[in-house]
Amino acid sequence: MTITQKQFDTLVGTLEKFSKAHPRSYRLRVALFAILGYAYIFLVLAGLLTLIGLIVSFIVFSHRVNSAIIKLAILLLIPAWVIVRSLWVTVPEPEGLKLNRHQVPKLFALVDELTTKLQAPRFHNILLNQEFNAAVVQVPRLGIFGWQENYLLLGLPLMQSLSLEQLKAVMAHELGHLSGNHSRFAAWIYRIRKTWMQIYERLHQSDQSGAFVLFNRFLDWYWPSFNAYSFTLARMNEYEADRCAAQLTSANNTAEALINIEVKARFLESSFWSDIQKRAEHQADPPSNAYSSMLTVLHNPIAEEETKQWLEQALAQKTSYADTHPCLADRLKSLGYQTTQLETLPQPATIQISAAEHLLGKMILHKFAKQFDQDWKAAISTPWRQRYAYLQETKDKLRALDQKAQMQTLPEQEAWERAYYTLELQGGEAALPFLQDVLKIQPDHAEANYTIGQVFLHKADASGIAHIEKAIEQRVDWVIAGCELVYGFFCQQGQTEEAQKYRARAEQHYQLLLKAQQERATVGDYDRFQPHTLKALEVNELKQQLACYPQVKEAYLVEKVVKYFPEKHFCVLGIVRKPGLIESSDASHKLINLLVTNLQFPTETYIIILNHGSSDKLKKKICQIHRSLIFRR
């Protein structure tokens with residue numbers, strides 16, 4: 001049985017205390033947990049191969065082969081193959097421009113210096129990409145047996161945002177995860193965590209019943225438990241990597257790199273890219289210099305007011321169990337960097353020469369920027385033009401609604417459309433009065449409440465929570481997204497306890513969604529049914545669609561009585577298929593696929609053939625429901 005988020009958080013909290021009180025015992029437990037997973041898999045694999053070997057030996061020595069033996073051998077081979085395939089862990093090769101030593105000698109010299117001092121493995125590839133990030137990726141050539149191919153990924157925007165010493169600290173942090181100077185054990189667990197994530201996904205998602213019996217129950221217990229046990233070590237490894245960076249540069253450079261990254265990442269997300277996207281309202285084609293202009297603004301000072309706001313938001317966040325990375329304030333504290341120093345923090349303007357300019361040279365930097373300009377424009381051109389066309393159409397619709405609103409009071413739907421179009425074109429502040437007009441007409445309007453909630457929370461106004469709550473009361477499919485919005489708001493405000501309540505609520509709702517999905521995954525004679533609640537017009541439209549399929553002889557429509565989210569009606573469309581002169585074994589399956597693909601339903605619907613595969617009892621139960629027969633040829 002899988003553990004809930006609350007159970008995970010409790011377990012990690014207990015293990016954190018245990019690791020501080022008994023560090024050696026804690027590491028031993030983590031190591032034993034890591035070994036246990038592999039031991040179980042190899043034990044099961046050895047058992048399966050032994051049984052297969054015995055069957056082969058029996059066939060060879062007895063000279064007897066029958067269908068039962070063949071079926072048994074196949075039954076054993078399938079899970080054995082699933083295991084072997086899952087153990088061959090593959091990591092996709094990272095994307096980016098491959099750099100060479102002749103091209104950028106200073107960068108390679110810096111990497112050589114850091115890998116030597118940290119006793120880290122050498123890099124086979126150094127890639128430059130468009131991300132505001134730096135990372136180390138190990139691609140195993142032999143699955144779980146390793147033989148890693150090491151990649152160092154450097155984002156050009158990040159390099160342009162930092163000084164040489166700050167970038168050196170960032171790179172030292174990434175290499176610190178693989179460093180031999182400090183904890184090879186932590187680095188080993190760091191890699192095993194990533195490996196087990198993939199093994200868990202492959203085996204857990206296998207559709208083979210044999211694999212389910214042998215592994216899913218074990219993995220449902222093992223992976224969450226191992227994840228919790230190794231979580232504390234992974235977080236400790238983040239602090240250790242920061243200390244590596246501080247030792248190779250200085251605590252001050254490392255801290256200021258962390259601060260600089262937080263501020264400029266928020267600038268890119270909140271300001272730069274949003275401003276670029278706004279141009280789609282007036283430009284039919286995307287700009288041809290997006291990355292070149294980004295590199296320019298990243299090197300210039302950011303407005304002091306915005307810097308202060310984003311930094312305060314970052315420092316208000318608290319470390320949680322949602323991520324192994326500690327929050328900014330805790331990382332600064334670990335480095336001995338007092339947050340009172342932030343008032344005197346050098347602004348980006350003081351970085352006369354960026355790390356990108358120093359390590360790549362201005363000519364190479366310009367060349368790469370142009371390449372990224374072209375790549376970005378090629379990737380974004382089609383969706384950009386679609387967005388431009390949509391916004392031009394939206395302008396016309398909004399203009400017509402504004403004119404109509406001057407002459408009369410708009411009905412609810414048109415009032416909502418006016419508010420939504422204003423939001424699309426002019427943003428939340430401009431749309432707010434129109435959204436409030438919608439609530440005057442219909443106070444429970446889900447879309448308007450949710451949108452107002454988003455606008456208020458973006459302004460750090462807690463009154464938006466009430467609007468989000470009112471919206472998700474009516475739309476259960478919005479609960480998780482709504483909880484995430486409020487969770488993010490409380491995190492920014494530093495209200496960790498309140499944030500965790502919404503995180504737990506989202507997790508609880510997710511579990512209910514899984515149960516509802518399982519409840520709706522099958523239909524059988526053990527289910528209870530009731531008359532459908534579709535309107536006459538909706539039924540007539542469905543009848544007209546069914547008339548287009550000559551294979552459909554009769555159609556019955558009912559609703560399955562469900563326990564989870566009964567307000568979301570779940571219909572069952574039972575089809576009596578007209579047999580053809582020449583029958584194929586998958587004729588019923590093909591008809592279901594055809595109907596699922598092409599029929600338009602007003603609600604969630606399960607389609608089943610009543611005269612093929614299903615029991616007579618199910619057909620009888622459905623046919624007896626009042627008004628169930630909706631079509632007969």
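Helices H9 and H11 of this predicted model are roughly perpendicular to each other, a label given to angles of 65 to 115 degrees, whereas angles under 35 degrees count as roughly parallel, those over 145 as roughly antiparallel and the rest as oblique. Their axes cross at roughly 110° and come within 9 Å, H9 covering residues 251-278 and H11 residues 304-316. Axes here are lines fitted to C-alpha atoms, for helices over the stretch in contact, and angles run from 0 to 180 degrees between N-to-C directions. Helices are DSSP runs of H or I with at least four residues, strands are runs of E with at least two, and both are numbered from the N terminus.

Residues are numbered from 1 along each chain as its sequence is written, and side-chain values use heavy atoms, with hydrogens and water left out. Because the model is predicted, local features need pLDDT of at least 70 and side-chain atom pairs count only at pLDDT 80 or more, while totals for chains, interfaces and linings use all residues.

The crossing of H9 over H11 is right-handed; a crossing has this hand if the near helix is turned clockwise from the far one by less than a right angle, and is left-handed if the turn is anticlockwise. On the H9 side, the contact (heavy atoms within 4.5 Å) is formed by Ile259, Glu262, Val263, Arg266, Phe267, Ser270 and Ser271, which meet Thr307, Trp310, Leu311, Gln313 and Ala314 of H11. By class, the residues of this contact of H9 with H11 are six nonpolar, four polar and two charged. In this scheme Ala, Val, Leu, Ile, Met, Phe, Trp, Tyr, Cys and Pro are nonpolar, Asp, Glu, Lys and Arg are charged, and the others, Gly among them, are polar.

H11 itself has 13 residues and spans 18 Å between its first and last C-alpha atoms, close to the 18 Å expected at 1.5 Å a residue. The expected span is 1.5 Å times one less than the number of residues. Thr307, Trp310, Leu311, Gln313, Ala314, Leu315 and Ala316 are the buried residues of H11, buried meaning under 20% relative accessible area, exposed over 50% and partly exposed in between, with a 1.4 Å probe and protein chains only. These buried residues pack against H9, helix H12 (328-334) and helix H19 (479-492).

H19 passes H20 in a left-handed crossing. From H19, the residues Val479, Ile480, Cys483, Val486, Tyr487, Phe490 and Cys491 take part, and they meet Glu498, Ala499, Gln500, Tyr502, Arg503, Arg505, Ala506, His509, Tyr510 and Leu513 of H20. The contact of H19 with H20 divides into 12 nonpolar, two polar and three charged residues.

Leaving aside residues up to four places away in sequence, Ala506 touches Ile480 and Cys483. Ala506 and Ile480 are 26 residues apart along the chain, and their C-alpha atoms are separated by 4.9 Å.

Leu360 has 5% relative accessibility and so counts as buried. Its C-alpha atom is separated by 5.6 Å from that of Val104, 256 residues away along the chain. The residues that Leu360 touches, not counting those up to four places away in sequence, include Val104, Leu107, Leu128, Leu156, Met159 and Phe368.

Two loop residues call for a look at the backbone. Most residues other than glycine have a negative phi. Gln119, in the loop between helix H4 (105-118) and strand E2 (125-129), has a positive phi near 55°. Phe565, in the loop between strand E6 (552-560) and strand E7 (570-577), also has a positive phi, of about 55°. Gln119 is partly exposed, with a relative accessible area of 47%, whereas Phe565 counts as buried at 13% relative accessibility.

For the protein overall, the secondary structure comes to 23 helices and nine strands. Of its 633 residues, 47% are buried. Among contacts between residues at least 6 apart in sequence, 76% join residues at least 24 apart.
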